[in-house]
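Here are some exercises to work through with the model open beside you. Each one has a task, followed by a solution in steps.

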Amino acid sequence: MNRLKIIGLGILLLLVIIVNVVNIKNASGSIADVFLVFLQPETGAGNPITNNLNWIIIQSLPVFLFGSYFYTELFMVEEFITIRFNNRILPFLSKVLLIVLLMLVYYLVILGLVVLISLLMGIRFNFQSTILYTGLNMPLPEIGFYFFVGGIALIAFQLLLSVIIKPFYSIVVVLVIIIINCFTLNYWNIGSSSNVVKFVEADNWLIIGIQFVYIILAMFIGGNIYRKTDLYKLN
């Protein structure tokens, strides 16, 4: 079932990339424009959900991919935890690090697919936007970094919630937060740094700093909850 879910989500991601590439090609844009459509499409007058549909898909896929992994690995295999580790914090931190690495791989896969499909369809290899946000002075790699940190903040919060209220409810809560980020832009929204294009005139380092605080708090609180949980009573 998990394999089928991953295959289905992968096909959805591929279709989204192909649609974006075709649209940018028809508009005579560059590879940078394809990325910007993912990171944050232009603000329109329509429904915020439809305007941000690509962004919602990209942010939501990790929620489903990693939604139950954290809880299953740490709470349902107590023998491994008891035998292999003398300190519960170590396995907790190792899973957090693994999730961060998986998120990095996830975004790098998107990057690779966008470049590959764009080049196959004849889009210019240019990291300077030509049709979207032409006045944006921030380099595309910096925008990508903010987007990555926002995604980590969302997944870190989900991992914390999975420790407290179980995976299914954590998935629902994070999906609600993602939708809220489409309607309101606030420094204090979890994952708001992934909306960095809309904050272009703001102090982006303040936004990114707040997200790092969320990540650290999620790790600290989650680690303490896990350390004090009786694993045998859960199984």
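Leu132 is buried, with a relative accessible area of 9%, where buried means under 20% relative accessible area for a 1.4 Å probe and protein chains only, exposed over 50%, and partly exposed in between. Before you start, note that this is a predicted model, in which local features need pLDDT of at least 70, side-chain atom pairs count only at pLDDT 80 or more, and totals for chains, interfaces and linings use all residues. Residues are numbered from 1 along each chain as its sequence is written, and side-chain values use heavy atoms, with hydrogens and water left out.

**Exercise 1.** Find the place of Leu132 in the chain.

*Solution.* Start with the helices, which are DSSP runs of H or I with at least four residues, numbered from the N terminus. Leu132 belongs to the loop between α7 and α8. Next, look at Ile24: its C-alpha atom is 9.7 Å from that of Leu132, although 108 residues separate the two along the chain.

**Exercise 2.** Describe how α4 and α7 pack.

*Solution.* Two packed helices are described by the angle between their axes and the distance between the axes. Axes here are lines fitted to C-alpha atoms over the stretch in contact, with angles from 0 to 180 degrees between N-to-C directions. For α4 (residues 53-65) and α7, the axes come within 11 Å and cross at roughly 145°. Now list the contacts, meaning heavy atoms within 4.5 Å. Ile57, Ile58, Gln59, Leu61 and Pro62 of α4 meet Met103, Tyr106, Tyr107 and Ile110 of α7. Finally, sort these residues by class: eight are nonpolar, one is polar and none is charged. In this scheme Ala, Val, Leu, Ile, Met, Phe, Trp, Tyr, Cys and Pro count as nonpolar, Asp, Glu, Lys and Arg as charged, and the others, Gly among them, as polar.

**Exercise 3.** Work out what lines the largest pocket.

*Solution.* A pocket is an open set of points on a 1 Å grid over the protein atoms alone, with protein on both sides within 12 Å along at least five of seven lines; lining residues have an atom within 4 Å of a point. The largest one has a volume of about 410 Å³, a volume being the space filled by probe spheres set on points joined across faces, edges and corners. Of its 16 lining residues, Phe35, Leu39, Tyr107, Leu111 and Gly144 are the closest to the centre. Helix by helix, α2 (31-39), α7 (89-120) and α8 (140-165) each supply at least two lining residues of this pocket, and α8 has the largest share, with six. By class, the pocket lining has 15 nonpolar residues, one polar and no charged.

Key
1 Å grid on protein atoms, 1.4 Å probe; cavity = no way out; pocket = protein on both sides within 12 Å on 5 of 7 lines; lining within 4 Å.
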